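User: I'd like to learn how to read a few side-chain and helix features in a model. Could you walk me through them?

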Amino acid sequence: MNALINALEKQKPLFEKISRNIYLRAIRDGFIASMPVILFSSIFLLIAFVPNIFGFTWSDDVVSMLMKPYGYTMGVVALLVAGTTAKSLTDSVNRDLESTNQINYMSTMLASITGFLLLASDSIEGGFANGFLGTKGLLSAFLAAFITVNIYKVCVKNNVTIRMPAEVPPNISQVFKDLFPFSFSIFALYGLDLLARNTIGTSVAEVIGTLLAPLFTAADGYLGITIIFGAYALFWFVGIHGPSIVEPAIAAITYANIETNLQLLQAGQHADKVLTSGTQMFIVTMGGTGATLVVPFMFMWLTKSKRNQAIGRASVVPTFFGVNEPILFGAPLVLNPIFFVPFILTPIVNVWIFKFFVDTLGMNSFSVNLPWTTPGPLGIIMGTQFAALSFVLAALLIVVDVAIYYPFLKVYDDQILAEEAAGTSNDSLKEKVAANFNTAKADAILEKAGVTEKTSETAITEQTNVLVLCAGGGTSGLLANALNKAAKEYGVPVTAAAGSYGAHREILPQYQLVILAPQVASNYEDIKIETDKLGIKLAKTEGAQYIGLTRDGQGSLEFVKQQFEN
């Protein structure tokens with residue numbers, strides 16, 4: 001087992017390089033930017049169709065009224081993603097360009113959206129068809145964004161532009177500067193549209209969907225879901241944020257399948273598409289990558305080691321809402337040979353069981369998008385529109401996950417008990433306590449007894465704004481909250497905010513320090529280019545270190561102080 005883990009760790013630089021690919025990053029960030037639209041649209045689905053389960057049916061007029069906001073949000077999501085993906089890719093490309101010769105992201109967004117309409121929409125009397133403006137057109141949206149930004153890059157780097165006199169206002173000059181790349185982008189995408197229509201007789205969006213249909217069908221099978229979702233956990237286990245690599249490759253089909261399932265339900269048919277965003281969030285990563293929802297509870301109730309029990313108590317609440325870094329790095333689960341098998345196997349078994357429920361028992365799959373922080377069992381029930389079998393499935397997954405993790409947990413607990421009895425450890429006592437225990441209660445008792453005074457040695461005298469970044473904005477909240485609480489407690493002028501990597505660029509100038517959570521630490525060199533230009537300090541953290549900082553307010557303030565001393 002150790003040999004296998006070591007072999008995987010040797011490939012870590014390759015995995016990190018893949019996860020930092022600007023095109024994969026653009027797809028992922030493009031989706032993140034569009035999530036408010038996707039989640040907003042789901043509200044109307046729940047209102048319109050969940051009452052049907054309880055025997056109440058809205059009139060056709062009411063359903064039409066409720067579905068109009070859905071149609072004008074989720075129904076045009078590909079149109080929006082064409083713009084957000086172009087924006088993200090433009091930001092990445094601009095990092096490598098001179099600060100005085102940058103691509104105008106507003107122009108690339110407009111060009112990408114316009115070009116996407118050419119690729120995905122047919123002309124009809126009085127307008128254009130919207131059949132591929134939703135999830136069916138996502139792949140065309142990515143194509144439009146990639147072509148557009150690369151054409152702009154060539155034009156900007158080679159100064160292919162209309163130069164205006166210095167007296168012309170900058171906003172007017174920018175219009176003429178963007179005219180050539182905008183025109184070239186539209187001509188290129190329109191050329192693709194003409195080629196597809198004159199050779200195959202249909203739009204580019206429909207051609208892409210037809211060509212990739214067999215691949216999507218295969219991905220929805222047992223082998224496909226095993227490879228896809230097994231990779232999530234495998235990458236995470238060796239320290240790479242798995243979704244950064246896997247999600248962009250399947251994002252289009254997972255969201256398209258949600259839409260397909262909804263259409264099947266509305267037609268009175270079986271919603272049988274298993275590969276969906278809901279499957280990933282609430283089946284495969286129920287409680288976070290590794291399907292760890294049950295693990296903190298097991299640490300609390302089924303272990304004898306005081307250390308493991310403390311880790312469980314500290315991890316239960318965040319893991320319940322899908323933020324499982326405390327248990328991943330506190331136990332730790334990742335890079336721990338004892339937990340390699342359950343960490344990889346449990347998500348795979350979960351998705352196999354789900355597919356059995358859908359394919360064999362006739363349960364409807366996910367047809368509603370929900371926030372990823374929705375607790376796993378609730379996400380299963382709501383995402384399948386309260387299907388009767390979803391209650392059984394949620395309970396069964398909990399039982400199965402406990403059964404898979406328990407033998408390995410028992411071995412690990414015996415190992416920690418032996419260490420505690422012998423008074424030995426792989427880490428120093430100070431690191432162990434800081435990384436795995438919440439010392440606030442002990443500190444309060446000592447202070448009450450007069451042993452210590454509530455003072456801070458952290459000499460931060462000027463207002464300091466700190467931005468903590470993680471993959472989805474959840475884990476970063478743990479440290480941001482700890483910093484804000486400690487700053488208030490000790491009267492230190494520090495204000496912290498949490499954010500997701502990729503959605504940070506516009507707000508960077510507001511901060512003096514950026515801290516990267518462990519799962520996005522591999523992006524250090526990329527973001528350093530941005531922070532150096534703005535004169536902002538940048539720090540990255542490791543797993544145990546990060547968890548220790550979230551539990552030690554004064555220590556987190558000291559960490560901030562140290563960044564300005566280097």
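Predicted model: local features only at pLDDT ≥ 70, side-chain atom pairs only at ≥ 80, totals over all residues.

User: On to ring pairs. How many aromatic pairs does the count come to?

Analyst: The count is 16 aromatic pairs. Take Phe297 and Trp301: their ring centres are 5.4 Å apart with the planes at 45°, and since planes between 30 and 60 degrees apart count as neither stacked nor edge-to-face, the pair is tilted. Both residues belong to helix H13 (residues 295–301), 4 residues apart, or about one turn of the helix.

User: What geometry do the rings of Phe339 and Tyr412 have?

Analyst: That pair is edge-to-face, because the planes are at 65° and the cut-off is over 60; the ring centres are 5.2 Å apart. The pair links distant parts of the chain, 73 residues apart: Phe339 is in the loop between helix H15 (325–330) and helix H16 (340–359), while Tyr412 is in helix H18 (residues 388–422). Both Phe339 and Tyr412 are buried.

User: Which residues do ring pairs link into a cluster?

Analyst: Phe31, Phe142 and Tyr255 are linked that way.

User: Now helix packing. How do the axes of H17 and H18 cross?

Analyst: For packing, look at the axis distance and the crossing angle. The axes of helix H17 (residues 376–383) and H18 come within 9 Å and cross at roughly 155°. An angle over 145 degrees counts as roughly antiparallel, so that is how H17 and H18 run relative to each other. Their crossing is right-handed.

User: Which residues of H17 and H18 meet?

Analyst: On the H17 side, Pro377, Ile380 and Ile381 make the contacts. Their partners in H18 are Ser390, Phe391, Leu393, Ala394, Leu397 and Ile398.

User: Last one: why is helix H12 described as largely enclosed?

Analyst: Check burial residue by residue. In helix H12 (residues 277–284), 8 of the 8 residues are buried, so the rest of the structure largely encloses this helix. Among the buried residues of H12 are Gln280, Met281 and Phe282.

Definitions and conventions
Residues numbered from 1 in each chain as written. Heavy atoms only, no water. Phe/Tyr/Trp six-rings, centres within 6.5 Å; stacked < 30°, edge-to-face > 60°. Helix = DSSP H or I, 4+ residues; strand = E, 2+ residues; numbered from the N terminus. Buried < 20%, exposed > 50% of the residue type's maximum accessible area, 1.4 Å probe, protein only. Axes fitted to C-alpha atoms, helices over the stretch in contact; angles between N-to-C directions. Parallel < 35°, antiparallel > 145°, perpendicular 65-115°, else oblique. Left-handed = near helix turned anticlockwise from the far one by under 90°. Contact = heavy atoms within 4.5 Å.
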